[in-house]
Every structure is written in structure tokens, then in C-alpha cells.
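Subject: Structure handover

Hi,

Here is the structure for your files. My notes follow below it.

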Amino acid sequence: MAYSIYHFFADLCEKRQEFLSEKELESFPFDEQMLSCVGDGKFPDLAIKLNNDDAHFTGGELIELKDSKKGYSVASFNSTIPTGEKDIRKLTEGKTNTIRTQMEEAGNNILSLPIRHVFYLVRGRKRSDVKICLTHGKFFETVPVSTLISESFGQALEERLEELGESLSPSLKHKLLDLFSEQQTFSRTRNVDDASVRLRFRIMTEVKAGANILNPNQYPQIGGNTLNFAVPCHGETEQDQQHHRMKIAFQEMECENLFSQMEVFSLQHHFNGKFLIFQTNLS
């Protein structure tokens, strides 16, 4: 059988009542046969195994777990900025890399699919209601990461220059912002002579209301006590393809009855076009 984020979602649907427990998402009984690695506090928390020559599914998707106990907020992203895709080569570098080791032990030819889709399994609670969304990272990445970093740094630079009554030429400013557009620039640990500590800057990312898929004021279609799958979908052809993939996955997981009970609809993102939603009740 093939493995993919669609099969992963089908498995979640079969076990959906488990989401109602107070346990951490990390304790959810995920199907380990589907997984090529389980994270140890670093991105990703989970990764789907790759498929060999499957007509419908490549597999290999990366999954980050985001569990919030503070209502319908999305837990902040520490160190890793949310994106729709990741280069697996950057995640498997180094002589002792547990992600690479696990994926190789799972029999995956890692570099056969260098660019991986990223999904976030998000859970929020509000009193007795629970919302769970397995959403593509494009729900949170509406501008390139390099643009997000450089423009944020540019705002800090402008504020400081204004405080000092200084200014920079447009060309120098552009060069500085270009230099500080990569997260690795901040994430490396720095050593300073004679200092007794090392310094590393961390980037924390918080989701705006307009991109919070759990927020009932922004996205009322995502109801309480539902499990949802959200994927970008900008046309009828793409919508038909996504629907077909999901249907096949549920058939292969032998739970077609759950697929027939699911509601499928289009959701307009406030910043990033349309998303196709597959929704089922938790009970």
C-alpha cells in the first residue's frame, strides 16, 4: 500500500475520537508503519515514508504538531518559520543526523524527492469544543520566508535609524536587508572572545488572526468538534485531483464509509487564495 498525507489523514479519521482526550498530540497513536521518522524536539515531528513509482502519491510529506490549550489560537512556531515546502537536504545535513538516520533505516532514498510538502497538525480547545486541522503550510506562508525576515529586519533598522536621526542610502539599505534575509544567519551559535556564554538568536513566529484556521470569527466554516484537512486549491482541475487522491487513499485504507460521510468545500483564505477542506465530525 502507498503512504501519503492523504492516507495519514484517513488514519486520523479512523482514530478521531482520540483527539478529544487531554493527552499531548505527541501521544496520539499515529500509524508508525507510515512514518519514516519521528522527531526528537526538532523539525519535523513526523515524516511520511516515500513511495516508489506510485501513480498517485509520492509520499515524503513532513508534519509538525501544534497543540494549543489556550482556546483557538495556533501555538507559536519556535525557531522554524512555517512554510509550504522544505528542502530535505537542509534537514538531513551533518555527520550525526537522527532524521537522516531514521529515514535511511526506513528504506527511503531521501534525495529522490528533495523538495517536500509541509503540513501542520493543529489542535485548539475552547471549553468542551475541540478543533483539529491538518493544514498545508501555505496556509501560514503567504510571502516567501526571505521576504518576511528581511522586511521585519528592515522595520527594526528603520526604527533604530529614526531614533538616532540617521539614514542610509537606498542601495546600502537594500544590501543589508539582502544579507539578513536567511534564517541561518540568525540561528547559528556565535562565539565571542573572552565571553563566558555563546549567543544564538531565535526567530519566533506567531500566526495573525487572518491566517488562524481555528479562529471562528475568521473561518466560521471550521466548526467545533471537527477534524479538517486543508490544502491549496486554485481551480476546478486541482480540486478534482485533490478529491480523487483523497478518495483513493480512503479506499486503500479500507474506510470508504468515512469518506462518504465527509463534507468537502472551498475556503477563501484572507491572504492566500482558496483552500479545499475535507471535514468530518469528531464524534
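Helices (H or I, at least four residues) and strands (E, at least two) are DSSP runs, numbered from the N terminus. On that basis, Asn52 sits in the loop between β2 (46-48) and β3 (62-67).

Two notes on the source. This is a predicted model, in which local features need pLDDT of at least 70, side-chain atom pairs count only at pLDDT 80 or more, and totals for chains, interfaces and linings use all residues. Residues are numbered from 1 along each chain as its sequence is written, and side-chain values use heavy atoms, with hydrogens and water left out.

Overall picture

The chain has eight helices and eleven strands. Its radius of gyration is 21 Å, close to the 19 Å of the globule rule for 283 residues, so the chain is as compact as a globular protein of that length. The radius is taken over C-alpha atoms, and the rule is 2.2 Å times the number of residues to the power 0.38. Along the principal axes, the C-alpha atoms fill a box of roughly 65 × 45 × 40 Å. Buried residues make up 45% of the 283. Buried means under 20% relative accessible area, exposed over 50%, and partly exposed in between (1.4 Å probe, protein chains only). Of the contacts (heavy atoms within 4.5 Å) with a separation of 6 or more, 66% are between residues 24 or more positions apart.

Helix packing

Two packed helices are described by the angle between their axes and the distance between the axes. Axes are lines fitted to C-alpha atoms, for helices over the stretch in contact, and angles run from 0 to 180 degrees between N-to-C directions.

Helix α1 (residues 5-14) and helix α7 (residues 236-252) cross at roughly 55°, and their axes come within 8 Å. The two are therefore oblique to each other. For the classes: under 35 degrees is roughly parallel, over 145 roughly antiparallel, 65 to 115 roughly perpendicular, and the rest oblique. The α1/α7 crossing is right-handed. From α1, the contact uses Tyr6, His7, Phe9, Ala10 and Cys13; from α7, Gln242, Arg245, Met246, Ala249, Phe250 and Glu252.

Helix α4 (residues 145-164) packs against helix α5 (residues 170-179) at about 130°, with the axes 9 Å apart. These two are therefore oblique as well. α4 passes α5 in a right-handed crossing. Ser150, Phe153, Gly154, Leu157 and Glu158 of α4 meet Lys173, Leu176 and Leu177 of α5.

Single residues

Back to Asn52: at 72% relative accessibility, this residue counts as exposed. Its C-alpha atom is 9.6 Å from that of Ser112, 60 residues apart along the chain.

Thr280 is in strand β11 (residues 274-281). At 8% relative accessibility, Thr280 counts as buried. Leaving out residues up to four places away in sequence, Thr280 touches Cys13, Arg16, Thr226, Leu227 and Met262.

Backbone points to check

A cis peptide bond joins Phe43 and Pro44, with omega about -5°. Pro44 lies in the loop between β1 (35-38) and β2.

Asp194 has a positive phi, near 70°, and is not a glycine. It lies in the loop between α6 (183-187) and β8 (204-205), and at 84% relative accessibility Asp194 counts as exposed.

Asn225 also has a positive phi, near 55°. Asn225 is in the loop between β8 and β9 (226-232). At 25% relative accessibility, Asn225 counts as partly exposed.

Best wishes

Technical notes
A crossing is left-handed if the near helix is turned anticlockwise from the far one by less than a right angle, and right-handed if clockwise.
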